[in-house]
Amino acid sequence: MATVATTTHGSPLIWPSTTLIDRSPVTGHLWAMVKASTTTFQLWRSQDNGATWALVTSQVRAAVQEISSIHIPSDGHIYWAFRTYEGGQDRIYTQRVYVKGSTILWGDQVLLAAATAASAGAVYSGMDIQSVSAGGLRLVAVAVGTQSGSRHGVTMLGETIDANDVPRVAFGIFGGTRWWNHTGSGRITPSLEIEHVGDGKTGYPAHLWVTWGRTNVYVAKMAWNGGHWLGPTTPVKVNPAALTPAQDHITARWDGGRLMVVYPDPTATATVRVIERNRANTATTQRQTPPHPAGVVRTCSAGYNSGTGDLRVYAVGTSNPDLYFVDFDRSAGEWTSWTVVTATDILGASANNYSVRRGTAGNARYDVLTAHAGSPNTIAHTSQVVAFAPDPPEWDTAGIGYTSGGAADAYAALPLDWVFEDPDGGDSQSAYALARQIGNGPLMYYRASDGTWQPAEVKNMLGSTSVTLPRAVFGDAFDDRTVSGGWGAPWTTDPAGDASVQAGQGQITHTSTGTVRHAYTDTGSADHTFFVDVTIPVMPTGNGITVWTLGRLTDTSNYYSASLQIAPGGASFVVIQKRLAGALSMLGSSVAAGTHTAGATWRVGINVSGSTIRGKAWMPATQAEPGWQVTQTDTSLPAGTRAGIATRIEAGNTNPLPIVIGHDHASIAPGNTPGQPWAGPADAAHTYTVRVWDSTDIASLYGPPFTVTPSVKVNPTVVEPGAVISTDQVTAVWTVAEQTAYRVTLASNPGGVVVHDSRWRSGTDTTYTVPTRLADGSGWTLTVQTRNARGLASTVATVTFSVDYLEPPAPTLVAIPQPAAGVISVAITNPAPSGGQPALVDQDVYRRPVGDTSDGVRIAAGLPVGATYGDWQAVSGVPYEYRVLARGVNGTSIYGPWTA
């Protein structure tokens, strides 16, 4: 509980239905209105959710009797209404102020209504205020408790504020009925609510709900028609029993889906009655709180949870003047227990000096102001944080660089970025769980500590909203070829005759024991990570079977290995070894890896990074991927760049020969990211989804799926154009091994101004003529990009070229008017080509009025050499000029001069 202010006023927060605390949707700051004295009203601001408060500005105004709630809509202004008694009249005013930084801009005080009254409050009493923006205006609605003779009720008053901040009294913003009355007398403090979307501010459409009463409770829904509100003729009486004692105020709140009205229950006096009205204002649901711990309820108010719609009721009982609250949990359909807000007595004989912000929108908190007796009196703020689950996280596709449903490059790292959002804008992520499914396979969960995927959900205690999965630099699923006498490029097998690719596997056939067979490829780096699936078809008997994953290999006599040793009976171990000048030795001791069964597939991996060598082996069908099971350091082999596999049926093994060991899903990743590559190029689609935990350890649901299909780029090679072209159009010609779509662009060089973009075009065409005329001597940059069968875009292929061509000879003409015939004859002269100029194909004639600077209008096309054209469409008395566009056989063209 934080102190907001001190005051000498005896009722600084009256009444509980009046909301004297609100949150700006523009700045996120909390604002509190405090009656500092009978003439001074202070606005206090908190920029840290109520932890500290500072006085910003004050209003000094004599004769003020009371103020309404404060209201801060999307324009950032603070609005309120107040009632004065002066000149024998009850008067209703509105006031607004705008604060930005150190700038404080006060609006005009606008007198909305004045009524002759024998005493203060004899005609007008309580008030509430709301506003909306429509048609370039801010429409301000004020509901005022009104007494007229023997009848009382509520009156709607209105104001508009234009774009120039000029306010005007405007009762025309209401149609139908705007003054409802019934027999009775005494104070009425209405509640006014916008039918908002849950944020307390924004309505679509912005219907108004007016609630008031004293011994009965009435509700009127004023429908919004886009320009004004329409009041019903008759309000709805919603209380089942008369209120005793009569109530000076009625609290009503719209929570985004319903209107909730609360008042002390006249029949079960230690409880609060809740009346809920549906959106159409046609049906009522009644609720009743548990009995208040302090007995008979004297006053009450309410707020709502903007995220869940739960209702929070605040009330003061009789045996002590302490403020309590109780929640109605809508998901469970039950009430919680009453809990004290503050054990410090509420100020006032009726303990009615407290104010509750309408809802929790914006900061996920109930904000409560309470007044307490002292010298001077004290205004305190209590921030009640609510436990919101974070929103299911959305993927940040801009950060990922791919769209869901498309292809992604397996040879590039895959960044998975998401957005943490919580109804509490100040909350933050404390942990996440990332799930993956490959094709129709099982869900697996990412363990950030070692980059592995596990069968059960892993809660990674990290605030990061991004995971970057390591790229492959090579992948082979062995399903695109059949090979005998080796595995095909880029593999080297030794001996080659024992290796083949068939049935989607790279196979090694062992026809004898005690002989090592190798298969390896170059990684391009001395630091690398290599994984491969190895299927052992038998249970070893007599002696074991050994599988080596090889790293930093220079030749088959020098390498490091993470070795899987399978003993007779199936006991299996992994160990780091090195072979140096042909001699094999262990680095450290072995670690148990599991129990082999005949036909089991093992995933075996090695990572070499600097002087560190790591290894692991597991059976994915029955085991979760472990972290690196063995790690050793050694500096004997610093330079080899090859990685691969070796196998041996140990001498003394008695299994029948031959034994065929299958290999699949081989992958190589950079050594500085010692985890498996995120995908192999031939993998089925990968689908990812993520959930998060907030700072209070509340989890979200899993967010939407993000799906990508792994692939590798198939890049085009541009064959044409060459460095120089001699035509005024360019045709791109390229070759590519696999294509489903293409895109061609042309940009000026220098300058880089794109003059043509074909956009993506489906098809296998490998030529494209750019429909742009290129000037002689100009320079250009042309790009070609293609998509492969999985839709992955290639690297952009770029060529630069210049234009250097010869045009045909420039044509000339003579225009001969023939008035008597009504025609102008245009006789064209075409000089003979010389010096390599191309022969003429055809030519066009253009015409324009003399003095016109446009390109003219084509009046004839495809004319032969030396043609004469009769212009029969020329208008008499209009002087014209003509020119000819001649086209050469080399595709070039040239304009002749304009000639009158």
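**Aromatic pairs, sheets and overall form of the chain**

F474 has a relative accessibility of 13% and, because the limit for a buried residue is set at under 20%, F474 counts as buried. This value, like the others reported here, was computed from a predicted model. W491 has a relative accessibility of 9%, so W491 counts as buried too.

In another pair, the rings of F474 and W491 have centres 5.5 Å apart and planes at 75°; because an angle over 60 degrees places a pair in the edge-to-face class, the pair of F474 and W491 is described as edge-to-face. F474 is part of strand β41 (residues 474–476), while W491 is located in the loop that runs between β42 (483–484) and β43 (492–494), so that the pair ties together parts 17 residues apart in sequence.

W395, W418, Y432 and F706 come together as one aromatic cluster.

Attention then turns to the strands and their pairing. An open sheet is formed by four strands in the order β22-β23-β24-β25, and the pairing within this sheet is antiparallel. Its edges are taken by β22 (251–254) and β25 (284–288), each of which pairs on one side only. From one strand to the next, the twist of this sheet averages 20°. Strand β24 (residues 272–277) is paired with β23 (residues 259–264) in the antiparallel sense over six bridges, and in this pairing V261 has I275 of β24 as its bridge partner. Strand β24 is also paired with β25, again in the antiparallel sense, over five bridges; here R277 has T284 of β25 as its bridge partner. The strands β24 and β25 form a hairpin with six residues between them, and N281, which lies in the turn, has a positive phi of about 60°.

A second open sheet consists of three strands in the order β34-β36-β40, with antiparallel pairing. The edges of this sheet are formed by β34 (394–395) and β40 (466–469), and since each of them has a single partner strand, one side of each is left without a neighbour in the sheet. Strand β36 (residues 414–419) pairs with β40 in the antiparallel sense over four bridges, and D417 stands opposite S466 of β40.

H9 is found in the loop between β1 (2–7) and β2 (21–23), and because its relative accessibility is 18%, H9 counts as buried. When neighbours within four places in sequence are left aside, the residues in contact with H9 are K35, A36, S37, T38, L347 and N377.

At the level of the whole chain, the model contains one helix and 74 strands. The radius of gyration is 42 Å, well over the 29 Å given by the globule rule for 900 residues, so the chain is more spread out than a compact globule. The C-alpha trace spans about 115 × 110 × 45 Å along its principal axes. Of the 900 residues in the chain, 53% are buried. Among the contacts in the chain with a separation of 6 or more, 60% are accounted for by residues 24 or more positions apart.

Conventions. Residues are numbered from 1 along each chain as its sequence is written. This is a predicted model: local features need pLDDT of at least 70, side-chain atom pairs count only at pLDDT 80 or more; totals for chains, interfaces and linings use all residues. Side-chain values use heavy atoms; hydrogens and water are left out. Rings of Phe, Tyr and Trp (its six-membered ring) pair if their centres lie within 6.5 Å; planes under 30 degrees apart count as stacked, over 60 as edge-to-face and the rest as tilted. Helices (H or I, at least four residues) and strands (E, at least two) are DSSP runs, numbered from the N terminus. Buried means under 20% relative accessible area, exposed over 50%, partly exposed in between (1.4 Å probe, protein chains only). Two strands pair if DSSP finds at least two bridges between them. Axes are lines fitted to C-alpha atoms, for helices over the stretch in contact, and angles run from 0 to 180 degrees between N-to-C directions. Contact means heavy atoms within 4.5 Å. The radius of gyration is taken over C-alpha atoms; the globule rule is 2.2 Å times the number of residues to the power 0.38.
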